Amino acid sequence: MTTMLPNLVGASNIYGAGMLELGMSFSMEQLVIDNDIIGMSRYAKRGIDVRKSTLAYDVIREVGIGNDFLGNADTMRNIDLPSRPRTFDRNMYETWVKAGSMDPVDIAHEIVTDILANHRPEPISNYARKEIDKIIAEADRRKKP
């Protein structure tokens, strides 16, 4: 799914989430993955948060140029700052293997299974229900000769 360009020009709706085969089929797992991608794209559009804590100036001085920043606690604390995807595991390889080596599709499948089993949508408000009923009644009134 390509979302960055439509997002950068201000599209309010990103088309194609969950679609496969040019929209001939649909995957709930792909929808979950695409939701992560759209979220990352929207996060990137907001820009980079630049302040003392995100610049890590002190850490850069401490670690030094050409040394290992990935092993630094500050880096690990901030590694998810760009976004918080649910399906992309950003752990180091050994940690990923110990956690079961799940790829994004496996993780998305678990999320889909959980949603289907446990999600209970909030009912719409009485106000919204009344407004919808008014719209339907008006459409019915216009339809009748």
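Guide: Helices (H or I, at least four residues) and strands (E, at least two) are DSSP runs, numbered from the N terminus. The model is predicted, and residues are numbered from 1 along each chain as its sequence is written. Local features need pLDDT of at least 70 and side-chain atom pairs count only at pLDDT 80 or more, while totals for chains, interfaces and linings use all residues; side-chain values use heavy atoms, with hydrogens and water left out.

Visitor: Where is the place of Asn-72?

Guide: Asn-72 falls in the loop that lies between helix H4 (57-63) and helix H5 (73-78).

Visitor: Is Asn-72 buried or exposed?

Guide: The terms rest on relative accessible area: under 20% is buried, over 50% is exposed, and values in between are partly exposed (1.4 Å probe, protein chains only). With a relative accessible area of 13%, Asn-72 is buried.

Visitor: Which residues does Asn-72 touch?

Guide: Contact means heavy atoms within 4.5 Å. Not counting residues up to four places away in sequence, Asn-72 touches Val-59, Glu-62 and Val-63. A polar contact is a pair of N or O atoms within 3.5 Å; within protein, one must be able to donate a hydrogen and the other to accept it, and residues adjacent in sequence count only if both atoms are side-chain atoms. Here a polar atom of the Asn-72 side chain lies 2.7 Å from the backbone nitrogen of Asp-74.

Visitor: How many residues has helix H7, and what distance does H7 reach?

Guide: The expected span of a helix is 1.5 Å times one less than its number of residues. H7 (residues 104-118) has 15 residues and reaches 21 Å from its first C-alpha to its last, close to the expected 21 Å. At the N-terminal end, H7 is capped by Asp-103, of which a side-chain oxygen lies 3.0 Å from the backbone nitrogen of Val-105.

Visitor: Which residues in H7 are buried?

Guide: Ile-107, Ala-108, Ile-111 and Val-112 are buried in H7. They lie on the same side of H7, because they cover an arc of only 140° around the axis, the arc being that of the directions from the helix axis to the C-beta atoms. The buried residues of H7 pack against helix H2 (28-45).

Visitor: Which residues make up the largest nonpolar core?

Guide: A nonpolar core is a set of buried Ala, Val, Leu, Ile, Met, Phe, Trp, Tyr and Cys residues joined through side-chain atoms within 4.5 Å. The largest one has six residues, namely Val-32, Ile-33, Ile-107, Ala-108, Ile-111 and Val-112. H2 and H7 each supply at least two residues of this core, and its largest share, four residues, comes from H7. Ile-33 is also in contact with Thr-87, Phe-88, Pro-104, Val-105 and Ala-108, leaving aside neighbours within four places in sequence.

Visitor: Let us turn to other positions of H2. What does Ser-41 touch?

Guide: Ser-41, which lies in helix H2, touches Thr-3, Met-4 and Asn-7, not counting residues up to four places away in sequence. Ser-41 is buried, with a relative accessible area of 3%. Ser-41 and Met-4 are 37 residues apart in sequence, yet 5.5 Å apart in space, C-alpha to C-alpha. Met-40 likewise lies in helix H2, but Met-40 is partly exposed at 23% relative accessibility. With residues up to four places away in sequence not counted, Met-40 touches Ser-83, Pro-85, Phe-88 and Arg-90.

Visitor: How are aromatic pairs counted, and which residues form an aromatic pair that is tilted?

Guide: Rings of Phe, Tyr and Trp (its six-membered ring) pair if their centres lie within 6.5 Å; planes under 30 degrees apart count as stacked, over 60 as edge-to-face and the rest as tilted. By this rule the count comes to one aromatic pair. Tyr-93 and Trp-96 form this tilted pair, at 5.7 Å centre to centre and 45° between the planes. Both residues lie in helix H6 (residues 93-98), three residues apart, about one turn of the helix. Tyr-93 is exposed at 57% relative accessibility, whereas Trp-96 is partly exposed at 23%.

Visitor: What is the phi of Glu-21?

Guide: Most residues other than glycine have a negative phi. Glu-21, although not a glycine, has a positive phi of about 50°. Its place is the loop between strand S1 (19-20) and strand S2 (25-26), and Glu-21 is exposed at 59% relative accessibility. Ser-101, also not a glycine, has a positive phi of about 55°. Ser-101 is in the loop between H6 and H7 and is partly exposed at 31% relative accessibility.
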